[in-house]
Amino acid sequence: MAKNKNVGKPRNYTLVSGVYRFGKSATYRKKAIYKFTKKVNAKTAPVVKPLFVEKKVGGAKNGDTRMVRVTKLANDYPTQNPAPKGTSKNFFSAHARKLRASLAPGAVAIVLAGVHKGKRVIVLKQLATGLLLVTGPHKLNGCPMRRVNQRYLLATSAKIDLAGVTVPENVNDKYFARVKAEKVAKKEGDIFDAKKEAYKPSEERKKDQVTVDTQVLEAIKKNADGKVLKQYLRASFALSKGQFPHQMAF
């Protein structure tokens, strides 16, 4: 009788690296593991919640009771999805306001965009929204106190000591908010006659501008290069042919 060659060898052996002769399901069936692992759990009947509840109703001739739905049906579907949890319109107010080291108060910068582009201004302080409060001063180059994003400012190496300059407390972001004109009902013939009123600074602004400019001019006067600084602030910045800003030292 021929000897069995498979005696002492496992039935499930590797055919190729990582591939066995029998898979998981075949091994489960051959070893009859289902006889030892099968467990029967007693099924619990699900709790049936009523759709309607009987409620008492006041008033005569109303039948005393009424059947009311436990959960109301959605008869009104919103046209827009509700905002996800955690979002808020006030996120911007909690942002950290960062300031470039080169644009510290007292630094002379060049405005790169807007009505006053090309003018040199003095940085006074950073406001709550992160915008920078700058001034010309107005007496030197016609640039009043205004807010500028630091992206549109090119910092220079010139600096002025603003230790003796105090900006009025009322000069903040609300200070620069424009007052919207009231809408008036249009009449026939007023379409071409009505003109937009040009912006005029208030008396308060004029007063604050003079107050700040007086202090800034005094600080420039105290500087060792006061006369040169005044000429520098009066002159506007521009590039000529063959001049490249990335090769300049400001």
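1. Lys31 lies in the loop between α1 (24-30) and α2 (34-37). The model under review is a predicted one. Within this model, Lys31 has a relative accessible area of 55% and is therefore exposed, the cut-off for that class being over 50%. Lys31 also belongs to a positive surface patch, whose other members are Arg11, Arg21, Arg29 and Lys30.

2. Ala32 occupies the loop between α1 and α2 as well. Is Ala32 buried or exposed? With a relative accessible area of 15%, Ala32 is buried, since that class covers values under 20%. The backbone of Ala32 deserves attention too: its phi is near 55 degrees, a positive value in a residue other than glycine.

3. A second residue of this kind is Lys61, where phi is near 60 degrees, again positive in a residue other than glycine. Lys61 sits in the loop between β3 (52-56) and β4 (65-69). Its relative accessibility is 88%, so Lys61 counts as exposed.

4. Strand β6 (residues 120-126) may be considered next. Five of the seven residues of β6 are buried, and the strand is mostly covered. Which strands does β6 pair with? One partner is β5 (residues 107-111), joined to β6 in the antiparallel sense over three bridges; in this pairing Val108 stands opposite Ile122 of β6. Another is β7 (residues 132-135), which runs antiparallel to β6 and is connected to it by four bridges. Here Val123 has Val134 of β7 as its bridge partner. As a general point, side chains in a regular strand alternate between the two faces of the sheet.

5. Pro137 is placed in the loop between β7 and α3 (138-141).

6. How many salt bridges does the structure hold? There are two. In one of them, the side chains of Asp173 and Arg147 meet at 3.1 Å, N to O. This pair links distant parts of the chain: Arg147 belongs to strand β8 (residues 146-148), Asp173 to the loop between β9 (153-159) and α4 (190-193), and the two residues are 26 apart. Asp173 is buried because its relative accessible area is 15%, under the 20% cut-off. Arg147, at 31% relative accessibility, counts as partly exposed.

7. The other salt bridge joins the side chains of Glu203 and Lys206, at 3.8 Å, N to O. Why are these two residues separated by about one helical turn? Glu203 and Lys206 are three residues apart in helix α5 (residues 203-222), and therefore about one helical turn lies between them. Glu203 is exposed, at 60% relative accessibility, whereas Lys206 is partly exposed, at 42%.

Notes:
Residues numbered from 1 in each chain as written. Predicted model: local features only at pLDDT ≥ 70, side-chain atom pairs only at ≥ 80, totals over all residues. Heavy atoms only, no water. Buried < 20%, exposed > 50% of the residue type's maximum accessible area, 1.4 Å probe, protein only. Pairing = 2+ DSSP bridges. Salt bridge = Lys/Arg side-chain N within 4 Å of Asp/Glu carboxyl O. Patch = residues over 30% accessible without salt bridge, like charges linked within 9 Å, V, L, I, M, F, W, Y side chains within 5 Å. Areas by Shrake-Rupley, 256 points an atom, 1.4 Å probe, with all protein chains shown as cover. Lys, Arg positive; Asp, Glu negative; His and termini not counted. Charge placed at Lys NZ, Arg CZ, Asp CG, Glu CD.
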